[in-house]
Amino acid sequence: MALLKVKGLTKRFGGLLANNEIDLEVPQGSLFAVIGPNGAGKTTFFSMISGFLNSTSGSIAFDGRDTTRMRQDQIAAMGLIRTFQLVQLFKGMSVAENVEVGCHLATRGGVAAALLRPSWFRRQEAEVHERARELLDFVGLGAQADLDAELLPYGQQRLLEVARALASRPRLLLLDEPAAGLNTQETDGLAHIIEKINRQGTTVLLIEHDVGLVTRIAHRIAVLDFGRKIAEGTPDEIKVHPEVIAAYLGVEEAAYA
Amino acid sequence: MTSLAITSPKPAARLDRFSLGLLGAGALLFAAVLVYGGYLLTVMQLAMIYGIFCLGLNFFMGYTGQASFGQNAFACIGGYGSAILCVQYNWEPALALIASMGVAGIAALVIGYPTLRLRGHYLAMATFALGLITYDISVQWTSLTQGYMGYAGIPPLGIGSLTVEDERLKLLCLGGLLLVGFWISQRLRDSRFGRGLRAISGSENGAAALGIRISRFKLIAFVIAGLYASAAGSLFAHTVGFISPEVFGPQMVIVTFTMLYIGGVGTLIGPVVGAIVASLLPEIFRSTGRFQDIAYALVLLLMLIYAPKGLSALGALFRPRKDKGEA
Ligand SMILES: Nc1ncnc2c1ncn2[C@@H]1O[C@H](COP(=O)(O)OP(=O)(O)OP(=O)(O)O)[C@@H](O)[C@H]1O
Ligand SMILES: [Mg+2]
């Protein structure tokens, strides 16, 4: 069954068609990747799915419900959680606190509970602290828990964003270039983490530039170029797809020009 | 990757030693003033009231990271609410304070709902206008507010026939109320709700992606700030016994901003420390006669240069740098 179903999704920025009639179905439990050259429209696509951008036309259904016009927080509350290409850490909070914020959707209680602190609330707070530590250990940031999040090196900031997203117990996790800025060793670690997240039952939709990484871990890949989906298939199919090769070679040729 | 086990098993202390030290110093000053007496009692009373105001302001400006230059509007509602209800209608001061807070809370809700869509400079302008409008109303609507004359003879706080008339006792009560306000702010800050607010000031997009309802959280923070401000306005009325439009005019914004920034905006103890320091400093310079204002301004400037994040953030300088875990 498709957990995410996108039909004819289109985004126009003035004269630019950033996304042009994109169709995509992400099956429940899969590890799905979206690749494409710079400016292909990948982030725009994510932003529409997660409610950060309104689409020009087309429809998005998550878990059988139409989410095309929903707000970001409503979509997040349904279990669709994204990370950002430009990390969006909570400045002024520690590494652990960043992950604790991630527990927001998995917990409850507002002003009244914070003031009165009934026993369920105290228990929940203790669980939140504990869960944050567990998730930090999971991504390998356990030792940095009390550090100011801003002080983390860039690669670790990305890992923190992944841990934070996991804290909300997502059903579909959208990762926008999580390996950007990571060295090869860190990228390998990240690939391992993403596979583990997926094996534990979370559907993952991943944007990535590193084709090597994607063909290694993704079950299925969609390729965007100039706002259009030019191909979709298994990693083996994509590797030999003529249009894909052309799109990537085109980029390299342009880079030499 | 080897991770060194330097993480402490217990959750990080809410208040580090430096903050506790600052609070202790504040308590000592408080005690000294209580013993010494004289006009410093009034200075310290006002410091407590401003402290309550700043605790609320800190929710909106500090934790949530939004600009409000119009929080004096809610102090105005509190002050006039207390004055009108007690002087015209003979209400119990404590009841008048609570009723005024109710009115201020509803006003904050109604005003905040459309206004908080604005961001940054626009929000600052809109809130500043709000303060000006309230000031104008308090001047112009003379049948209700008695215009520039203001209200005199506002009764002091008390329960039934037990009223707090003695200046020392007044200061003690205000100190107690400030502590209650502080306690509430600490509880709210260190909770799911408080983390949500602080996440918004860190990154609105990041917070929204994790399911936090930005506009709702901002609105609640605005209402909390309004409730604190209203309580402060009422306490001013009951403590001083007299209010006029000037009390809640634009200079209140400047005074409270100074306090919040001296103490440390967004820190737990900043509002309290800032209110005490900024209230007592001018008194210390009083001996310098006509250079008083210059000396005060100079010290403020030095503080902003050397402690840009406020006095309570200075503790970070003394804290040993934490190991980053790996070389
Ligand atoms: N808010 C915006 N307003 C106008 N144009 C935009 C906006 N956001 C993106 N674009 C344009 O839309 C196109 C697609 O951008 P997008 O960020 O989706 O690409 P991408 O595939 O994520 O690229 P990258 O690999 O560099 O992250 C680009 O040409 C970009 O300049
Ligand atoms: Mg992108």
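Which polar backbone atom is 2.9 Å from an oxygen atom of ligand 1? The polar backbone atom belongs to A:Gly41.

This is a predicted model, in which local features need pLDDT of at least 70, side-chain atom pairs count only at pLDDT 80 or more, and totals for chains, interfaces and linings use all residues. Residues are numbered from 1 along each chain as its sequence is written, chains are lettered from A and ligands numbered from 1 in the order in which they are written, and side-chain values use heavy atoms, with hydrogens and water left out.

**View 1. Polar contacts of ligand 1 (pairs of N or O atoms within 3.5 Å).** A polar side-chain atom of A:Lys42 lies 2.8 Å from an oxygen atom of ligand 1. For the side chain of A:Thr44, an N or O atom is 2.5 Å from an oxygen atom of the ligand. Of the 630 Å² of accessible area that ligand 1 has on its own, the protein covers 61% (Shrake-Rupley method, 1.4 Å probe).

**View 2. The shell around ligand 1 (residues with a heavy atom within 4 Å).** Among the 13 residues around the ligand, A:Asn38, A:Lys42, A:Thr43, A:Thr44 and A:Gln85 come nearest. Helix H1(A) gives the most to this shell, with three residues (helices are DSSP runs of H or I, at least four residues). By class, the shell holds four nonpolar, seven polar and two charged residues, with Gly counted as polar.

**View 3. Helices H4 and H10 of chain B.** The axes (lines fitted to C-alpha atoms over the stretch in contact, with angles from 0 to 180 degrees between N-to-C directions) of H4 (residues 93-115) and H10 (residues 214-240) come within 8 Å and cross at roughly 145 degrees. Contact means heavy atoms within 4.5 Å; the residues making it include B:Leu97 and B:Met101 of H4(B) and B:Phe222 and B:Leu227 of H10(B). This contact has 13 nonpolar, seven polar and no charged residues.

Key: A polar contact is a pair of N or O atoms within 3.5 Å; within protein, one must be able to donate a hydrogen and the other to accept it, and residues adjacent in sequence count only if both atoms are side-chain atoms. Helices (H or I, at least four residues) and strands (E, at least two) are DSSP runs, numbered from the N terminus.
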